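Subject: Structure handover

Hello,

Here is the structure I promised to pass on. Please open it first, then read my notes below.

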Amino acid sequence: MNLKEIAKAAGVSPSAVSLVLNGKSGVGVQKRAQVTQLLLSNGYSIAPRQSSERAKSICFLKFSRHGHLVNGNADFTARIMDAAEKECRRLGYEFRVVVFRNDQFPEILEKLRTSMPDGILLLGTELTSDDMAYLPQFSAPLVVVDNLLAREDYNCVDMNNEDASYKIAEHLYQKGHQEIGYLYNNLPSYNCTARFQAFREALPKFGLSIPEENIIPISPVFIDAYVDTLTLLKEQRRLPEALVATNDTIALAASKAILEFGLRIPEDISIIGFDNIQFSEFSIPALTTISVSCMDIGIWSVRLLQDRILYPHSPVVKIQVSTELISRESVKERRLPAAVK
């Protein structure tokens with residue numbers, strides 16, 4: 001049989017037979033097997049499959065500027081990456097990880113042009129406005145993870161900071177707290193800023209407010225946050241009766257300093273964290289916090305990216321994953337003042 005006859009016997013076009021003969025892509029698995037059998041039985045030699053027949057891949061870019069949030073907040077980033085990897089495998093994509101700092105953006109962009117992944121997940125935890133100029137240079141579909149980039153035209157998956165901050169304000173109100181302070185990350189990310197602003201806006205809905213002197217900048221590094229808090233206490237700085245920390249690392253570091261100084265949690269000071277990292281449940285006392293579903297952030301990041309790969313001209317989509325307040329022992333219930341009963 002000649003190639004035209006083989007094509008007719010297999011129910012494909014002559015060009016499809018040529019693709020199989022020359023080891024090129026473009027023919028489905030079942031038809032390729034059928035055509036291969038016909039070619040071999042008629043004495044043809046088939047070229048090896050070419051390297052262009054590569055597996056589908058998604059590249060996860062673990063970007064950091066200073067690394068204190070990406071690497072310092074216990075297992076938060078790792079849980080997102082684990083979930084993304086599992087969803088990639090489920091959808092038939094290889095999962096590749098590239099770790100880099102902000103000064104390596106040009107180098108990474110060049111490597112991506114060579115490796116040509118089908119899509120890119122960019123960890124945006126520590127992205128700043130200075131990094132925005134690089135984003136249009138990505139040559140593959142892009143989804144930003146853990147940063148909503150609210151005023152930018154990019155597909156993103158993030159937690160719902162506004163909803164979470166409202167839950168914290170409501171919880172403090174229900175526990176009868178009136179004097180509230182905020183331990184604010186002095187190297188803020190988009191999420192840190194967004195949740196603080198949302199918290200400040202939620203307080204008046206419960207007849208509460210936070211004075212400027214109770215907004216306390218503090219390091220996101222555990223040992224430094226511990227030292228910062230201990231220094232405040234040794235300087236006779238009176239802390240408010242309830243403290244909200246921008247993340248669990250800061251909350252746990254501040255708790256250690258408060259307890260070592262001789263104050264009690266929650267009898268003297270209540271404290272709430274954010275992220276529900278693995279240590280928050282096992283601290284003494286156990287930390288009240290906001291649980292963020294890292295699994296869902298990872299999964300929806302991959303699903304949204306696949307949508308961008310399949311439908312590149314779809315409108316920009318921003319997904320916010322809901323959160324849950326986990327009430328533990330670090331917040332005391334106080335008697336409600338008559339004015340807010």
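Some ground rules. This is a predicted model, where local features need pLDDT of at least 70, side-chain atom pairs count only at pLDDT 80 or more, and totals for chains, interfaces and linings use all residues. Residues are numbered from 1 along each chain as its sequence is written, and side-chain values use heavy atoms, with hydrogens and water left out.

**Overall build**

The chain has ten helices and twelve strands. Both are DSSP runs numbered from the N terminus: helices are H or I with at least four residues, strands are E with at least two. The radius of gyration, taken over C-alpha atoms, is 27 Å. Along its principal axes, the C-alpha trace spans about 95 × 40 × 35 Å.

Buried residues make up 51% of the 341 in the chain. Buried means under 20% relative accessible area, exposed means over 50%, and partly exposed is in between (1.4 Å probe, protein chains only). Now take the contacts (heavy atoms within 4.5 Å). Of those with a separation of 6 or more, 73% are between residues 24 or more positions apart.

**Strand S6**

S6 covers residues 180–185. Six of its six residues are buried. In a regular strand the side chains alternate between the two faces of the sheet. Ile 180, Tyr 182 and Tyr 184 point one way from S6, while Gly 181, Leu 183 and Asn 185 point the other way.

S6 has parallel partners. Strands pair if DSSP finds at least two bridges between them. Four bridges join S6 to S8 (residues 242–245), where Ala 242 is the bridge partner of Ile 180. S6 also pairs with S7 (residues 215–218) over four bridges. There, Tyr 184 stands opposite Pro 217.

**Aromatic rings**

A pair of aromatic rings is described by the distance of the centres and the angle of the planes. Rings of Phe, Tyr and Trp (its six-membered ring) pair if their centres lie within 6.5 Å; planes under 30 degrees apart are stacked, over 60 edge-to-face, and the rest tilted. The count comes to twelve aromatic pairs.

Why is the pair of Phe 105 and Tyr 134 called stacked? Their ring centres are 4.5 Å apart and their planes are at 10 degrees, so the pair is stacked. Phe 105 lies in helix H5 (residues 105–115) and Tyr 134 in the loop between S3 (119–123) and S4, so the pair ties together parts 29 residues apart in sequence. Phe 105 is buried at 0% relative accessible area. Tyr 134 is partly exposed at 24%.

Tyr 182 and Phe 199 form a tilted pair, 5.5 Å centre to centre with 40 degrees between the planes. Tyr 182 is in S6 and Phe 199 in helix H7 (residues 190–202), so this pair ties together parts 17 residues apart in sequence. Tyr 182 is buried at 2%, and Phe 199 is buried at 1%.

Ring pairs also link Phe 63, Phe 100, Phe 105, Tyr 134 and Phe 138 into a cluster.

**Backbone notes**

Most residues other than glycine have a negative phi, and most peptide bonds are trans. Where does this chain depart from that? The bond from Ile 265 to Pro 266 is cis, with omega near 10 degrees. Pro 266 is in the loop between H9 (248–260) and S9 (270–272). The bond from Ile 284 to Pro 285 is also cis, with omega near -5 degrees. Pro 285 lies in the loop between S9 and S10 (289–292).

Met 116 has a positive phi, near 50 degrees, and is in the loop between H5 and S3. Leu 149 has a positive phi too, near 40 degrees. Leu 149 sits in the loop between S4 (142–145) and S5 (156–159) and is buried at 7%. Its contacts include Met 132, Tyr 190 and Lys 318.

Best wishes

Key:
Rg over C-alpha atoms; globule rule 2.2 N^0.38 Å. Lists of a residue's contacts leave out its neighbours within four places in sequence.
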